Amino acid sequence: MKFSCIMTTYNDGELIRQSVDSVLNQTFESLELIIVDDGSAQHTKEILSSINDP
């Protein structure tokens, strides 16, 4: 079974990193994280690109 988490973001800056880390630190191994960016003006894409997780 796979667990899916959908996260939305809009101009969240560094808070998006904390949110992603919270999901990735869960003990359940079979999960996917889907992030929907609603046109953020901040560097959200760069922050998300810097997170290295398979």
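Isoleucine 35 lies in strand E2, where helices (H or I, at least four residues) and strands (E, at least two) are DSSP runs numbered from the N terminus. At 29% relative accessibility, isoleucine 35 counts as partly exposed; on this scale buried means under 20% relative accessible area, exposed means over 50%, and partly exposed lies in between, with a 1.4 Å probe and protein chains only. Leaving aside residues up to four places away in sequence, isoleucine 35 touches Met7, Thr9, Val20 and Leu48, a contact being heavy atoms within 4.5 Å. Isoleucine 35 and leucine 48 are 13 residues apart in sequence, and their C-alpha atoms are 9.2 Å apart in space.

This is a predicted model, in which local features need pLDDT of at least 70 and side-chain atom pairs count only at pLDDT 80 or more, while totals for chains, interfaces and linings use all residues. Residues are numbered from 1 along each chain as its sequence is written, and side-chain values use heavy atoms, with hydrogens and water left out.

## The chain as a whole

The chain contains two helices and two strands, and their order along the sequence follows the pattern β-α-β-α. The C-alpha trace spans about 35 × 20 × 15 Å along its principal axes, and 19% of the 54 residues count as buried. Among the contacts in the chain with a separation of 6 or more, 80% come from residues 24 or more positions apart.

The UniProt record, in an unreviewed entry, places the feature "domain: Glycosyltransferase 2-like" at residues 4-51; such positions are given in the numbering used here, feature names are shortened, and annotations may be inferred rather than shown by experiment. Over residues 4-51 the chain is 35% helix and 27% strand, and the end C-alpha atoms are 18 Å apart.

Strand E1, residues 3-9, and strand E2, residues 31-37, pair in the parallel sense over seven bridges; two strands pair if DSSP finds at least two bridges between them. The path from E1 to E2 passes through helix H1, residues 14-24, and this β-α-β crossover is right-handed. A crossover has that name if, with the strands pointing away from the viewer, the path from the first strand over the helix to the second runs clockwise. Within the strand pair, threonine 9 stands opposite aspartate 37 in E2.

In the loop between E1 and H1 the chain includes asparagine 11, which has a positive phi of about 55 degrees although it is not a glycine. Most residues other than glycine have a negative phi. Asparagine 11 is partly exposed, with a relative accessible area of 27%.

The buried residues of H1 are Ile16, Val20 and Val23. They cover an arc of only 60 degrees around the axis, and therefore they lie on the same side of H1; the arc is that of the directions from the helix axis to the C-beta atoms. These buried residues of H1 pack against E1, E2 and helix H2, which runs over 44-49.

On the other side of H1, Leu15 and Gln18 are exposed, and for glutamine 18 the relative accessibility is 54%. Glutamine 18 and leucine 31 are 13 residues apart in sequence and 17 Å apart in space, C-alpha to C-alpha. Aspartate 21 is also found in helix H1, and it is partly exposed, with a relative accessible area of 33%. The C-alpha atoms of aspartate 21 and serine 49, which are 28 residues apart along the chain, are separated by 13 Å.

## One aromatic pair

The structure holds one aromatic pair, which is formed by phenylalanine 3 and phenylalanine 28 and is edge-to-face, with 6.4 Å centre to centre and 75 degrees between the planes. Rings of Phe, Tyr and Trp (its six-membered ring) pair if their centres lie within 6.5 Å, and planes under 30 degrees apart count as stacked, over 60 as edge-to-face and the rest as tilted.

Phenylalanine 3 lies in strand E1 and phenylalanine 28 in the loop between H1 and E2, so the pair ties together parts that are 25 residues apart in sequence. Phenylalanine 3 is partly exposed, with a relative accessible area of 48%, and phenylalanine 28 likewise counts as partly exposed, at 40% relative accessibility.
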